[in-house]
Amino acid sequence: AKSCSMSSEVSKAQSASPGGDTIFGKIIRKEIPAKIVYEDETVLAFHDVAPQAPTHVLLIPKQPLAMMQDATEADAPMLGHLMVTAAKVAQQLGLENGYRLVVNNGREGAQSVFHLHVHLLGGRQMRWPPG
């Protein structure tokens, strides 16, 4: 039976707050290890340490943006590149049967790290609605 308790990510999101360095900043600077699957001058993609699907990769912009709601028109090229890169990484990882891209924003969106990131989930049938 499923418990009614919050997932660990949702729990973490309740106490997370924007500002300061994040674990993603440390990964970008190679201060802590990550299983990197793609990197260019703008984006870094690496396997999630707590995967929610057989394939679960996080794509992050190297230039920090805390959350989607902070995005401006000036961020449009980076955001577009993030999406195109997600499709490229999905193809590279053999997700030809489909995948899901997720961006969590804020506490109620279950954002647990305040550095914008796109979850690329695949390798299994996704359900709808997502949650």
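Leaving aside its neighbours within four places in sequence, which residues is Leu-44 in contact with? In this model, where contact means heavy atoms within 4.5 Å, the partners of Leu-44 are Ile-27, Ile-28, Ile-36, Tyr-38, Glu-39, Leu-58, Leu-59, Ile-60 and Lys-62. Before going further, a word on the ground rules: this is a predicted model, in which local features need pLDDT of at least 70 and side-chain atom pairs count only at pLDDT 80 or more, while totals for chains, interfaces and linings use all residues. Residues are numbered from 1 along each chain as its sequence is written, and side-chain values use heavy atoms, with hydrogens and water left out.

**Overall layout**

The chain holds three helices and five strands, arranged along the sequence as α-α-β-β-β-α-β-β. These elements are DSSP runs numbered from the N terminus (helices: H or I, at least four residues; strands: E, at least two). Of the 131 residues, 40% count as buried; here buried means under 20% relative accessible area, exposed means over 50%, and partly exposed is in between, with a 1.4 Å probe and protein chains only. The accessible surface comes to about 8000 Å², and 55% of that belongs to carbon and sulfur atoms. Such areas come from the Shrake-Rupley method with a 1.4 Å probe, and for residues only the protein chains shown count as cover. Among contacts with a separation of 6 or more, 57% are between residues 24 or more positions apart.

**The nonpolar cores**

A nonpolar core is a set of buried Ala, Val, Leu, Ile, Met, Phe, Trp, Tyr and Cys residues joined through side-chain atoms within 4.5 Å. The largest one has 17 residues, and those with the most contacts inside it are Ala-45, Val-57, Leu-59, Leu-82, Val-89 and Leu-120. Two or more residues each come from strand S1 (36–39), strand S2 (43–47), strand S3 (55–61), H3 and strand S5 (118–122). H3 gives the largest share, six residues. Leu-82, when neighbours within four places in sequence are left aside, is in contact with Val-43, Leu-59, Ile-60, Pro-61, Leu-116 and Val-118.

A second, separate core has eight residues, including Ile-27, Leu-44, Phe-46 and Leu-58. This brings us back to Leu-44, which lies in strand S2 and is buried because its relative accessible area is 0%. Its C-alpha is 9.3 Å from that of Thr-85, a residue 41 positions away in sequence.

Strand S3 also holds Thr-55. Thr-55 counts as buried because its relative accessible area is 15%. Beyond its neighbours within four places in sequence, Thr-55 is in contact with Leu-93, Leu-95, Leu-120, Leu-121 and Gly-122.

**One aromatic pair**

How many aromatic pairs does the count come to? The count is one, under a rule that pairs rings of Phe, Tyr and Trp (its six-membered ring) if their centres lie within 6.5 Å, with planes under 30 degrees apart counted as stacked, over 60 as edge-to-face and the rest as tilted. Phe-24 and Phe-46 form an edge-to-face pair, at 5.7 Å centre to centre and 65° between the planes. The pair links distant parts of the chain, with Phe-24 in helix H2 (residues 23–28) and Phe-46 in strand S2, 22 residues apart. Both Phe-24 and Phe-46 are buried.

**Charged pairs and the surface**

Side chains of opposite charge can pair when their charged atoms come close. With a salt bridge taken as a side-chain nitrogen of Lys or Arg within 4 Å of a carboxyl oxygen of Asp or Glu, the count comes to five. Among them are these:

| Salt bridge | N to O distance |
|---|---|
| Lys-26 and Asp-21 | 3.7 Å |
| Arg-29 and Asp-21 | 2.5 Å |
| Glu-39 and Lys-30 | 3.0 Å |

Salt bridges that share partners join Asp-21, Lys-26, Arg-29 and Glu-31 into one network. Asp-21 is partly exposed, at 46% relative accessibility, and so is Lys-26, at 31%. Arg-29 is partly exposed as well, at 42%. Glu-39, one of the contact partners of Leu-44, is partly exposed at 36%.

The surface also carries a nonpolar patch of about 380 Å², made by Met-68, Met-83, Tyr-99, Leu-101 and Val-103. Patches are made of residues with over 30% relative accessible area and no salt bridge, with like charges joined within 9 Å and nonpolar side chains (Val, Leu, Ile, Met, Phe, Trp, Tyr) within 5 Å. Met-83 sits in helix H3 (residues 76–92) and is partly exposed, with a relative accessible area of 38%.
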